Amino acid sequence: MIALRTSWTRCVGDYWLTPQKISTKWRCGPLINIYRKLNFPFEIYEINILEADDIALMKISSDTGAGLSLEEMRAVKTYFKSEGRNPTDVELQTIGQTWSEHCFHKTFKGIVKTSDGRVIDNMFKTYIASVVKELNSEWCFSVFEDNAGIVDFVEGYAIAVKVETHNHPSAIEPFGGAATGIGGVIRDILGVWAEPIANIDVLCFGPLDYDYLKLPQGVKHPRYLFKGVVAGIAHYGNNMGIPTICGAIYFDEGYVGNVVVYCGCIGLLPKDKYFRKIKQGHSIILAGGRTGRDGIHGVTFASAELTEESEEKSRSAVQIPNPIEEEKLKRAIIRIRDEGLASGITDLGGGGLSCAAGEMANKYNCGAVVELSKVLLKDPDMKPWEIWISESQERMFIASPPENVKRILEIFEDEDVEAVEIGRFTDDSRLRVFYKGYMVADLSLSFLFNPPKVTRIAKIEKELEYDSKFEKPKDLNDILLKLLRAPNIASREVVIRTYDHEVKGMTAIKPLQGWRAGPNDAAVLKPLPSSWAGIVVSCGIKPSYGKISTYWMAASSIDEAIRNNVCVGGRRWALLDNFTWGNPEKADRMGSLLRAVEACYHIAKLFGAPFISGKDSLYNESPLGPVTPTLLITAIGIIPDVRKALTMDFKNPGNPLYIVGLTRRELGGSEYYKLLGLSGGLVPKVYEGARSICDKVIKAMDLGLIRACHDPSDGGIAVAIAEMSMASGLGAEIELSKVPLSEPMREDLALFSESNSRLIVEVRADKEEEFEQLMAGLPCSRIGRITRGSSLVVRGYDGKVLIDVSVDEMWRTWREALTLR
Amino acid sequence: MLDVKACIIRVGGTNCDFETKVALEDLGVKADIIHMNQLLKKRVNLEDYNLLVIPGGFSYGDYVRAGAIWGKKLAFKMRRDLENFVNEGKAVVGICNGFQVLVEAGILPGLSGLSNHPEVALATNSSAKYECRWVHLRYHSSRCRLLSKIADGKVLRIPVGHGEGRFVASKEVLDKIVELNLVVFTYCRPDGSPANGEYPYNPNGSMLDIAGICSGEGNVVGMMPHPERAYFGWQMPDWTLQDELAAYGDGRIIFESIVDYIKGL
């Protein structure tokens, strides 16, 4: 690949800055003045950055959609001054993509100055990544380095996990946005040579009955988004034959303008097939779907606030999903892996080729040359910069020694996948891009991967600690039934049934338990025919607590994810963090984000559970304001023998029920307060000793003392026991006076408190003593028993019946509340 | 006894081949997952096998109609091979998308040999949704020669996972299917009584609750439910209720029976 360096290197004087405003957008056609069309046989512009003042710099950033700040534009100008020339559009776009919040995580890696006088250099390293460093867990195979976090499994296999956000695209085009979210995260898993075996989806919407008249211009109705997003996730996962096994759906007003879509994928990787040995001279192969104009500027779009005009302006930022293309691509990649032909792989995600090529070259201390005219296109008229940054889906970037290229291309052909060699790795630490033989970009990698550090100001606000005073409701039966049909508690069955959660035949514990579709706490996969070991997948998300304290929201999310994992028998937890926040350039948003990040460090260490991967989505703001600060914690545990796994449904009438863990007066952000229209309250905290509750219950499971386990979460003890009852069709008798409390409190508060670190356990009737001995020293008490009866009966402190509801009535209420229509 | 050699055929979008292979291998079958391109390029010969499984998935994205594109490709590009295979009495099994493919290829029900057009349809579920759920299936001893190990009237618990599985046919065709005794599986209630179209016992609105049929010769069978997902005991939906986990699930007998048939060829 030889091309001539041509004349664009220095052409001062041919252009002039124009005083009038240019309204034409960059991609709408040739622009004038600041931009000079180069005398090449295709459309490419030189940008007069060297003579641009601050106003012009910002105009360039906005016109081109590069999305760079003034400070960054100045850094670009300085760089090109040292190069003695102006950049091309391809170069400026490359920088814009690489330096975007989405690709570079400037906020997490930048400097934070707090209102209480602290300076934190690199929030990510200081908090998130230091957990794994301090815990030094030998089972962490690769963390925060590659496209996905990787931890050991059994028999030479590792588990790869990644969770992504796809909020902005889903707000514009819910079906395509969500589907490509799944498609993208699956490619992250392929990008570490792992075979994708399960998907995760966690979704947050505005209330489904939101008043249409209150919707601002450009904001789509929550029900439209809900139906579109669910259909998109089902479409991609089902078509690829990857089961969707774990997830959550959360409703809150704060998501009306900012829908939240988390997409996760789990992969299985033979550890000896993790090829990472790219050297200079190796070939670059681009494989999969063709490159098109879909997905231009996705990352810069994702790193900006949503506005009224987003629909029109950013539609092209949303990619088009084609799961069958990715299915074929997956087959070919696994074959290439198994034959050991390649030296490296990565997905083409945000930033497209520009980021993939640059990042790979930078990571392996090489340079790279790419010839864009070799790239197969959907539209032959695409401009070089569009080809270079397009985020079209279903494409992978593969590196291989030149002698293996032929065989690799053969495999792709066998699988009906298009693939071409588009470039080489070089030895000069520069990224050089050609089009039709002309050089169109030539950037130093050390410049490209050292953007100026940003400084954010964090305002730490004092958290309010007060509780509401209100009368105890008379009819707690009614309250319980209302809670069971509350949007955040009602059964998700209608949604989960549209996701194939059985394909691959690995799902040992399913999201829906048994014939009555109980809400299992976590899913268990048994991926290897030769081993009984299982992968345990769960999540935790507590957005309503964040309205009171983002610190305790983060802490509670970690506790919930881990205790959900424990409920089915999961242990040795690895965590993933996914932040969805507002604009970090606003000090209050940054302050609440910092608090949540601090909690991640403290609580993850408390549980001895390292973070292995994560992703942040910032700038989730709309005309309705910032998104409800949201942190999704995904926990990946293992279970040595899936035959020991437990489900949450009651098993045998007569068996005693125990609660482990202390109930506190913690109802801030609870579903009970929400139902009563109360604000404030004390949010659930996480205390020392949380870990030993998990460890002891796991021990009891391994000893075979336990038949069922479920955690009180949204709706507290009352809802947790109701769920166990509904899932089995069996009744229960509970004595509230037996529940260990931190302080005396009213009956309704004890029933609906959402304190963390509690588990409700069905113990084998003949193992009570053994169980109690094992739990000695922990707050643990026998609170009742399972009955053959048809109702759930709760007696108050005085022994009188407080709640008596028919199991079938609860079941119907809970099941029918959420509809897809 | 004949060695059972299974060809699990796939194209882009096929995705239940792995678990089907696991099930067959557990029964000692030599099972190969073969891309159709390998057969078309004659790198692999279909005649070397005695069981052809068309597994579940979304072949070619199920564009046009589920199974339509692959069905046509099979009928036109592999017609000779397939006809020979079937005429020799070898076993052909289509599961889910495989059933849709056999119907679209005109192989099932094949009332008068290979048909040039689909004689029946597997239409969009009456719920208008993809349905991933466990159902009860009633086995009917029929013309089907592959499943004779299963007792007539036996109820099996097996999951479905499809958006297009509603069995639809004209009155004449339906009458003929019943008359020729081609109905192999119907959706039923847990006690084995007919679902009579009631959701979710009949998950898709199939006519006569039909879940699976066979060819007139009885060696080609297609079914919407996925026995390979109910092969082992730990795959069943309620196995945690049992004190001792059963080694196998309800789907195993289907594969066992097919293997027995081939061994007896």
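## Interface and salt bridges

In this predicted model, 41 residues of chain B are in contact with 45 residues of chain A, contact meaning heavy atoms within 4.5 Å. The model is predicted, with local features needing pLDDT of at least 70 and side-chain atom pairs counting only at pLDDT 80 or more, while totals for chains, interfaces and linings use all residues. Residues are numbered from 1 along each chain as its sequence is written, chains are lettered from A and ligands numbered from 1 in the order in which they are written, and side-chain values use heavy atoms, with hydrogens and water left out.

Across the interface of chain B and chain A there are seven salt bridges, a salt bridge being a side-chain nitrogen of Lys or Arg within 4 Å of a carboxyl oxygen of Asp or Glu. Over all chains, the whole structure holds 81 salt bridges, including those tabulated here.

| Salt bridge | N to O distance |
|---|---|
| Arg43(B) and Asp414(A) | 3.2 Å |
| Asp294(A) and Lys378(A) | 3.2 Å |
| Asp588(A) and Arg589(A) | 3.0 Å |
| Lys171(B) and Asp175(B) | 2.9 Å |

Asp294(A) lies in the loop between strand 11 and helix 10 of chain A, and Lys378(A) in the loop between strand 13 and helix 14, so the pair ties together parts that are 84 residues apart in sequence; helices (H or I, at least four residues) and strands (E, at least two) are DSSP runs, numbered from the N terminus. Asp294(A) is buried, at 8% relative accessible area, whereas Lys378(A) is partly exposed at 46%; buried means under 20%, exposed over 50% and partly exposed in between (1.4 Å probe, protein chains only).
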